[in-house]
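My entries follow in the order I made them.

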Amino acid sequence: MGNRVSNWFKERINMEDLPFFRTPDYMYHVGDWLGALVAAAFFYTVISGLIILLYYDPAAGYQSTETIINKVPYGSVVLYSHLYGAYAMIILAFVHMFRNYFVGAYKKPREIVWILGVLMLALTLGASFLGYSLIGDVLAVSAVDVGAGILGSLGLSSLVPILFGNYSAGDYTRVLAMHIILVALIGLLFLIHFFLADLQYGMMPSRKVKDKAPAVYPKSEWQKFNPWWPRNFIYMMSLIFLTWGFILIIPNALVYFTFPQIANPFLNPKPAPPPNSPAAATVTTYPPWFFLFVYKIADFPGSVLVDMTIALFIPLIYLLVVPFIDRSPYLHPLKRRVFTWIGILMMIYLIQSSLWGDLAPGVPVSMSEILEVYLPPAIITGLGIFLIPWEKVSKGLSKGMSNPPTMLAFTFVTLAFASSMIYFLTTLSLASLATVISLGSIFVILAKLLTPYVMRAQQDENAVSVEEASKVLEKKKRIAQIIMIILFIVAIPIVVTMWTIPPTGYYSNLFGVDLGVLFLILGEEFSLYHYVVYKKPVEKEE
Ligand code: HEM
């Protein structure tokens with residue numbers, strides 16, 4: 001049956017000849033498909049946004065948000081998951097970017113793909129900020145007030161009416177227009193980004209195949225890989241449904257909890273009271289979590305221009321030009337240590353500043369506090385990256401795990417990391433957090449370096465012939481088939497009962513949780529089907 005459907009499409013649309021990138025067996029690994037996860041979150045957010053658009057009235061932002069939540073059937077399910085679709089897209093876009101940064105995917109010939117990605121991330125943050133403002137609650141108004149204030153201090157107050165219109169009177173028409181324009185721009189850039197990444201160069205080969213830029217498979221080699229249809233399609237469907245499942249389940253479950261103030265920016269999907277209401281006076285306002293870092297850096301001494309240069313302009317410009325300043329052809333992060341160091345610091349500073357913004361919003365910061373928070377990560381990761389003789393460690397590893405310098409380095413870093421955790425848990429200060437994160441990053445690099453050797457040692461120990469590997473795989477496939485049947489059975493009562501959930505009111509969000517679980521099951525079914533049909537006993541990185 002499956003084959004007949006597949007052949008039907010193959011014949012009609014010439015699926016096998018689609019010019020998409022052909023994929024080697026070893027690349028069906030989520031790390032190579034992070035962009036697809038971002039795209040899945042993007043599509044979910046666009047679809048749910050279009051549904052919300054049918055009911056949202058920008059001239060009465062807050063009231064229509066309330067109507068969608070309380071009166072429109074499943075309105076709150078769609079609205080909260082729209083918000084979390086955007087959150088997922090931001091988080092996944094950062095993960096996708098840092099992953100590509102550390103594997104050197106910004107190098108020749110992918111410079112344009114990278115630059116488009118940076119622009120898309122900036123647009124995603126902008127579109128999310130505008131979307132957050134559309135709620136029209138006291139948080140939204142205060143966030144836009146601060147944004148407008150920053151623009152004013154930069155001498156750009158003429159942009160305020162263009163970007164935000166008459167938001168202070170509850171009219172969000174302009175904000176909605178800008179929100180949609182930015183999303184359309186993301187969609188447009190995505191087409192070019194995807195066209196270049198997938199059709200022109202193909203995904204980055206493993207470093208074992210190409211350790212230097214330009215890292216591409218010659219087109220002649222592509223021919224031996226798997227065509228896009230049907231394998232990539234099936235794998236992609238599993239990723240899409242799994243992403244959509246989480247986007248639906250998380251906010252619709254979180255609705256039933258109340259959180260302490262510090263967790264609110266990250267976990268609370270519900271709107272706050274309307275501005276100028278008595279209830280609004282009792283609310284401690286906070287910006288959307290993805291701009292907490294900017295709001296905290298705005299508390300630094302110095303002018304707003306200096307603060308924004310530190311928070312936004314320098315990182316943005318750095319990311320745009322990094323393909324042109326990192327001239328080393330090597331892809332391995334430890335063969336371009338300065339850039340690796342900068343990348344790690346960017347990640348640490350982003351997390352630290354966001355947490356700081358959450359813990360002490362709007363509290364002015366002194367120079368000594370800045371040094372206390374930002375200097376330890378720079379020193380610790382710098383020492384770790386530049387002083388540890390990584391080449392010797394690698395060579396030591398290839399000789400065996402018991403090599404004394406390697407074991408000493410790993411033991412030392414592990415102990416230091418564990419002590420920093422105790423230090424953090426006993427002091428709960430930003431300085432101790434800085435220490436634990438930076439030692440943690442060195443620990444992760446070392447552990448990542450060690451893992452393949454540990455795995456290889458294990459594989460050598462239980463070295464098996466191809467026939468034996470095939471037998472083991474066959475057994476696993478049979479288990480996978482049984483799980484597929486169980487999941488199908490579990491899905492039946494969920495489908496049957498979810499329609500009994502009332503479409504509005506307190507319990508309506510359980511529908512979102514149920515739908516999310518169904519998406520997870522569907523995603524898992526696709527993933528298991530992919531495993532059963534395509535998994536080979538030995539998949540070499542060729
Ligand atoms: C914001 C929305 C984004 C979407 C929807 C998106 C989507 C994609 C997709 C579908 C691919 C194909 C390979 C894969 O699935 O990973 C890809 C590749 C790529 N993306 Fe993105 N991306 C986004 C943001 C970014 C950002 C922020 C960067 C970096 C600054 C970036 C840099 C790249 C690079 C360098 C590749 C090629 C990687 C390779 O060949 O292995 N993208 N992206």
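**Helix α3.** I began with helix α3, residues 61-70, where G61, Y62, S64, T65, I68 and I69 are buried. A residue is buried if 20 or more other C-beta atoms lie within 10 Å of its own, exposed if 12 or fewer, and partly exposed in between, with C-beta atoms placed from the backbone. The cover over the buried residues of α3 includes α2, α4 and α5. Helices (H or I, at least four residues) and strands (E, at least two) are DSSP runs, numbered from the N terminus.

**Ground rules.** The model is predicted: local features need pLDDT of at least 70, side-chain atom pairs count only at pLDDT 80 or more, and totals for chains, interfaces and linings use all residues. Residues are numbered from 1 along each chain as its sequence is written.

**Whole chain.** I counted 20 helices and 0 strands. The radius of gyration, taken over C-alpha atoms, is compared with a globule rule of 2.2 Å times the number of residues to the power 0.38. For 542 residues a compact globule would come near 24 Å, and the chain's 25 Å agrees. The C-alpha atoms fill a box of roughly 75 × 60 × 45 Å along the principal axes. Of the 542 residues, 35% count as buried.

**Ligand shell.** Which residues come nearest to the ligand? Of the 28 residues around the ligand, they are G35, G117, L121, A197 and M204. Near here means that the C-beta atom, placed from the backbone, lies within 6 Å of the molecule. Helices α2 (34-53), α4 (75-102), α5 (111-134) and α8 (173-201) each supply at least two shell residues, and α5 gives the largest share, 7 residues. By class I noted 20 nonpolar, 6 polar and 2 charged residues. Ala, Val, Leu, Ile, Met, Phe, Trp, Tyr, Cys and Pro count as nonpolar, Asp, Glu, Lys and Arg as charged, and the others, Gly among them, as polar.

**Helix α5.** I checked the span of α5: its 24 residues reach 35 Å from first C-alpha to last, close to the expected 34 Å. The expected span is 1.5 Å times one less than the number of residues. In α5, 17 of the 24 residues are buried. After α5 comes G136, with a positive phi near 75°.

**Residue A36.** A36 lies in helix α2. A36 counts as buried because 20 other C-beta atoms lie within 10 Å. Beyond its neighbours within four places in sequence, A36 is in contact (C-beta atoms, placed from the backbone, within 7 Å) with M236 and L239.

**Cores.** The largest nonpolar core has 90 residues, and V38, A40, A41, M89, V175 and W244 have the most contacts inside it. Helix α4 gives the most to this core, 15 residues. Such a core is a set of buried Ala, Val, Leu, Ile, Met, Phe, Trp, Tyr and Cys residues joined through C-beta atoms within 7 Å.

Most residues other than glycine have a negative phi, and most peptide bonds are trans. I found a cis bond joining K108 and P109, omega about 5°, with P109 in the loop between α4 and α5. The bond from W229 to P230 is also cis, omega near -5°. Y74, not a glycine, has a positive phi of about 55° and sits in the loop between α3 and α4. Is Y74 exposed, partly exposed or buried? Y74 is partly exposed, because 19 other C-beta atoms lie within 10 Å.

Definitions and conventions
Contact = placed C-beta atoms within 7 Å.
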